[in-house]
Amino acid sequence: MTGNYFLIILTAMLSLNIAGDHPTAKKENPIIYPVYDGEDLGVHYTAQKTSFRVWSPAAESVTLRIFNEGHGGEVLDVYQMEKDIKGTWLFELNGDWKNKYYTYQAKIGNKLMLEVPDPYAKAVGVNGDRGMIVDLSETNPPDWENADRPPLKSFADIVLWEIHVRDFSVHPSAGIQHKGKFLAFTEEGTRSPEGQKTGIDHLVELGITHIHLLPVFDFATIDESRLEKNQFNWGYDPKNFNVPEGSYSTDPYDGNVRISEFKQMVQALHKNGIRVIMDVVYNHMFDAGKSSFENLVPGYYFRMRPDGTFSDGSACGNETASEKPMMRKFMLESLKYWVQEYRIDGFRFDLMGLHDIETMNLIRKELHAIDSTIFLYGEGWTAADSPLPEKDRALKSHASRLNGVAVFSDDIRDGIRGPWWDNKGSGFMAGKKDLEESIKFGVVASTMHLQIDYKKVNYSTAPYAANPLQTITYVTCHDNPCLWDKIVNTCIGCSKTDKLDLQKFANAIVLTSQGVPLLHAGEELVRTKFNEHNSYNLPDSINQLVWHNKHLYYDVFDYYRKLIQLRKNHPAFRMPSTQMIQNHLQFFETDKSLLVGFQISGNANGDTWKEIIVFYNADSLDTEVELPEGEWVIVASKYSIEEKGSTVKGFNSLQRGKTTVPKRSILVLVDKESV
Ligand code: CA
């Protein structure tokens, strides 16, 4: 926002007389709403006075109700708010109103709209139906002032680990007390029955730098008053964007508790050197017709079809309109609030393609003005068509216009594992041919490289990332089959050993490629979701991490740990610019299918290793390859990762001329002088 008082045009009908009836676009008869550019929307509490400000420009009146409880009970007081500037309504209550609850109800036309929570509420009661007046300073845990972000030099150094709060701790083998809660992330020293580190200790041992939390803002589909029922949902159904989810707290009734426990989670992760990313879902709301947005300003915050119904680019029933000034302002202020109040370190934007490029660039600019290490990325696609013009969408193909915002690469994802729409569809890892160019495209993180034939890349015909840090490199996430299930479906006739090889191979490609790698939690534990590809509302038995697996598949865990270590120790695998990749990374020309090889030369990005050779052999047979002149030492293979040179017996560590790349695996060699 510029701070100017400017007008916006809402193409809506003037006669809004029925709540739930949505305005029809009618260009000859637009409603012009003033934009409120102040920063005091919501509630502001002091012990002497509480003030309320809400934007409802079409309202004839707005009623404020105060309650003792977050749900049920008698209303304590009813007030008519006073019309104030730029479409806002204001009310001030003298005295101390801490821990009271409140709602708004607008009258628009002759229609009394639904009673709703404040869209700017910072605390709510159970199930998020009423806002709550809290003293935020009282929600800070002890020593909160020392919960600074862990250091981060470059986005190139990031290793993301995507987890659902409940999945992390709910299985008994986690050995964690606060099952399914924010507080689970604060429990240090937890062990599986077999003695393996679990919980936060596991994250430190694995070596990831950022934890990416599936939705943790208040969402609708878990009944917070019936938590004994062990309900599950991913949480892509927003209700209150600025409040933590209640079911993840130990007391969803008292709005202070979830705030405090969320902060304790961030504090513990920061203390252990791990940054925290929130998955944010500003693109739609759970129930638009009943939402606070729609009942305060009908037809404004959501994109509408010409017939007056909600457009549905999210495939969840509605989509918000980031291009409208007050929605854009809402997103900006919400994100800044999470950064400043909760010390969140970055955001993953769900269906970012539904947000407009201008909004995303403004978000990047304003968040980086607070802290330039905040990492932003999103899904560069929509779930269905949208009225937002294609040219304005924050799509993957527009990444070069999204300054400093990264996008998920479905190109390398499906290149490695196979198509998202077909559980049984094979990818490179399981021997599907003609995906080599997609893998190479992933190796250079969707940037421009002369040795890639872009016509042969699976989903893209041109490079889209202006630099490698605009690409999230991954093979699976919460959506679609998890890695093990995909392997089982596509590695036909394979032994268990072959399948476990693929579990290593898939992310060995990810972690030796450029870009910002993302791991789906539990890939290192050979997690299965029993072939359920859309487990958003399925029980814990499908979704939970089973920590017994760490003992059972320790070899896989340790391989992942060492891959991450290899990446951290060797900046050649995380170059920050397209130019640097072009200067240092050359692919080998080969006639063989299912083989990709490249050399990173010249102490790339300051690496201590001068020359690095990487091969990916996706064939079901070992493959012989020609090595360049010189003496080479194997530092990573399917058998081991040893940065000082492999000592695995029966597998020569020093190679001249030709060498063998075992089936379904990577091979990394380094010039002998460097190790
Ligand atoms: Ca909730």
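Modeller: A term to start with: an axis here is a line fitted to C-alpha atoms, for helices over the stretch in contact, and angles run from 0 to 180 degrees between N-to-C directions. Also, this is a predicted model.

Biologist: Fine. At what angle do helix 2 and helix 13 pack?
Modeller: Helix 2 (residues 199-206) packs against helix 13 (residues 554-569) at about 55°, and their axes are 9 Å apart. The two helices are therefore oblique to each other.

Biologist: Which residues make that contact?
Modeller: From helix 2, His202, Glu205 and Leu206 take part, and from helix 13, Tyr554, Phe557, Tyr560, Arg561 and Ile564. By class, the contact of helix 2 with helix 13 has 5 nonpolar, 1 polar and 2 charged residues.

Biologist: Next pair. How do helix 3 and helix 5 pack?
Modeller: The angle between helix 3 (residues 255-271) and helix 5 (residues 325-342) is about 70°, with the axes 11 Å apart. That makes helix 3 roughly perpendicular to helix 5, because angles of 65 to 115 degrees count as roughly perpendicular.

Biologist: And which residues meet there?
Modeller: Ile259, Phe262, Lys263 and Val266 of helix 3 meet Trp338, Glu341 and Tyr342 of helix 5. The contact of helix 3 with helix 5 has 5 nonpolar and 2 charged residues, and no polar ones.

Biologist: What about helix 7 and helix 8?
Modeller: The axes of helix 7 (residues 410-417) and helix 8 (residues 436-443) come within 8 Å and cross at roughly 135°. Helix 7 and helix 8 are therefore oblique to each other.

Biologist: Is the crossing of helix 7 and helix 8 left-handed or right-handed?
Modeller: Left-handed. On the helix 7 side, Asp411, Ile412, Gly415 and Ile416 meet Ser438, Ile439, Phe441, Gly442 and Val443 of helix 8. The residues of this contact divide into 5 nonpolar, 3 polar and 1 charged.

Biologist: Changing topic: what volume does the largest pocket have?
Modeller: About 900 Å³. The largest pocket is lined by 34 residues.

Biologist: Which of them lie nearest its centre?
Modeller: Ser314, Leu351, Glu379, Ala383 and Asp479. By class, the lining has 16 nonpolar, 10 polar and 8 charged residues.

Biologist: Now the backbone. What is phi of Lys86?
Modeller: Phi of Lys86 is near 55°, a positive value in a residue other than glycine. Most residues other than glycine have a negative phi. Lys86 is in the loop between strand 7 (82-83) and strand 8 (88-94).

Biologist: And where is Ala445?
Modeller: Ala445 is in the loop between helix 8 and strand 20 (471-473). Ala445 is not a glycine either, and has a positive phi of about 55°.

Notes: Residues are numbered from 1 along each chain as its sequence is written. This is a predicted model: local features need pLDDT of at least 70, side-chain atom pairs count only at pLDDT 80 or more; totals for chains, interfaces and linings use all residues. Side-chain values use heavy atoms; hydrogens and water are left out. Helices (H or I, at least four residues) and strands (E, at least two) are DSSP runs, numbered from the N terminus. Angles under 35 degrees count as roughly parallel, over 145 as roughly antiparallel, 65 to 115 as roughly perpendicular and the rest as oblique. A crossing is left-handed if the near helix is turned anticlockwise from the far one by less than a right angle, and right-handed if clockwise. Contact means heavy atoms within 4.5 Å. Ala, Val, Leu, Ile, Met, Phe, Trp, Tyr, Cys and Pro count as nonpolar, Asp, Glu, Lys and Arg as charged, and the others, Gly among them, as polar. On a 1 Å grid over the protein atoms alone, a cavity is a set of points where a 1.4 Å probe fits but cannot get out, and a pocket is an open set with protein on both sides within 12 Å along at least five of seven lines; lining residues have an atom within 4 Å of a point. Grid points are joined across faces, edges and corners, and a volume is the space filled by probe spheres set on the points.
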